[in-house]
Amino acid sequence: MATYNSIGATYADTRRPDPRIAARIHQALGGATTVINVGAGTGSYEPSHTVLAVEPSSVMIAQRPAGSAPALEASAESIPVAEDSADAAMAILTVHHWNDLEAGIGELLRIARQRIVVLTFDPDINHKFWLLEEYLPEAAAFDNTRAVPVDRLAMLLGGARIETVPIPHDCTDGFLAAFWRRPEAYLDPEVRAGISLFAQTSDAVIQPGLARLSDDLSSGRWHQRHADLFGRDALDAGYRLLVADL
């Protein structure tokens, strides 16, 4: 909660839902007519039939748009609603922030009747992303302390299927790897303010890597090393959609 009370103030500006990712999430929810969004933040990717958002940060709740589903200030590990309260539960880019993963997954299983949909990242792939591997390896090492192996998450969900979610080059949702073909964005403090990795890593760790990135962009070295990226419309940066039928 402390992280999102800190970075949440500008979150709605840089973390606008990407319609292509939204389509994947809504397709995964299938025929669910009632949905609870856990770790809901500002309401990104909530379908119209969301009946409740669960979010521990009041700063994030305050940025939910008018007409959103009602929001309950609570943690994923202890959701004060009855079991089988909705057809589906969803959790979008949030499980790596939970203090007790097993308890949070247990709550998803308790409140959902039919399906659980989780969007997360595979750290084995995500941490090979050029920004982390070449410029911020120390930040990636920190991220490993909170990242959740996808196979473990699938097991806790009772055997979820795992789907790859490629990130489009013009992704509108400014999470960590969204700017894989727009490297200059990582030099923008407003962009970094909406990415939890930066918020949770000290400037002493981040700034030397960003300085190297700035130099490599100015000299053209980055573009020489990554010329192949400009021929791609989307990139597998390790983001995965897990779908569990109950």
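Predicted model: local features only at pLDDT ≥ 70, side-chain atom pairs only at ≥ 80, totals over all residues.
Residues are numbered from 1 along each chain as its sequence is written, and side-chain values use heavy atoms, with hydrogens and water left out.

With the chain still selected, consider its interior. Buried residues make up 53% of the 246 residues; buried means under 20% relative accessible area, exposed over 50%, and partly exposed in between (1.4 Å probe, protein chains only). Of the contacts with a separation of 6 or more, 70% are accounted for by residues 24 or more positions apart, contact meaning heavy atoms within 4.5 Å.

**The sheet**

Next, select the strands of the open sheet. Seven strands take part, in the order β3-β2-β1-β4-β5-β9-β6, with mixed pairing; two strands pair if DSSP finds at least two bridges between them. At the edges stand β3 (71–72) and β6 (161–164), each with a single partner strand, so one side of each is left without a neighbour in the sheet. Now show β1 and β4, which run parallel and are joined by three bridges. Here Val35 stands opposite Ala88 in β4.

Move to strand β2 (residues 50–54) and select Thr50. Is this residue buried or exposed? Thr50 is buried, with a relative accessible area of 10%. Its side chain reaches the backbone oxygen of Pro47 at 2.7 Å, a polar contact (a pair of N or O atoms within 3.5 Å; within protein, one must be able to donate a hydrogen and the other to accept it, and residues adjacent in sequence count only if both atoms are side-chain atoms). Leaving aside neighbours within four places in sequence, Thr50 is in contact with Val35, Asn37 and Ala69.

Select helix α3 (residues 19–28), where Ile21, Ala22, Ile25 and Ala28 are buried. Seen down the axis of α3, these buried residues fall within an arc of 125°, so they line one face of the helix; the arc is that of the directions from the helix axis to the C-beta atoms. Pro19 and Gln27, on the other side of α3, are exposed. The cover over the buried residues of α3 includes β4, β5, β7 (167–168) and β9 (239–245). After α3 comes Gly30, whose phi is positive, near 60°.

Then select helix α5 (residues 101–111), in which Leu101, Gly104, Ile105, Glu107, Leu108 and Ile111 are buried. They cover an arc of only 155° around the axis, which puts them on the same side of α5. The buried residues of α5 pack against β1 (35–38), β4 (86–92), β5 (112–121) and α9 (150–156). At the N-terminal end, Asp100 caps α5, with a side-chain oxygen 3.3 Å from the backbone nitrogen of Glu102.

**A last stop**

Finally, select Ala141 in helix α8 (residues 137–143). Ala141 is partly exposed, with a relative accessible area of 45%. Ala141 and Pro166 are 25 residues apart in sequence and 23 Å apart in space, C-alpha to C-alpha.

Conventions. Helix = DSSP H or I, 4+ residues; strand = E, 2+ residues; numbered from the N terminus.
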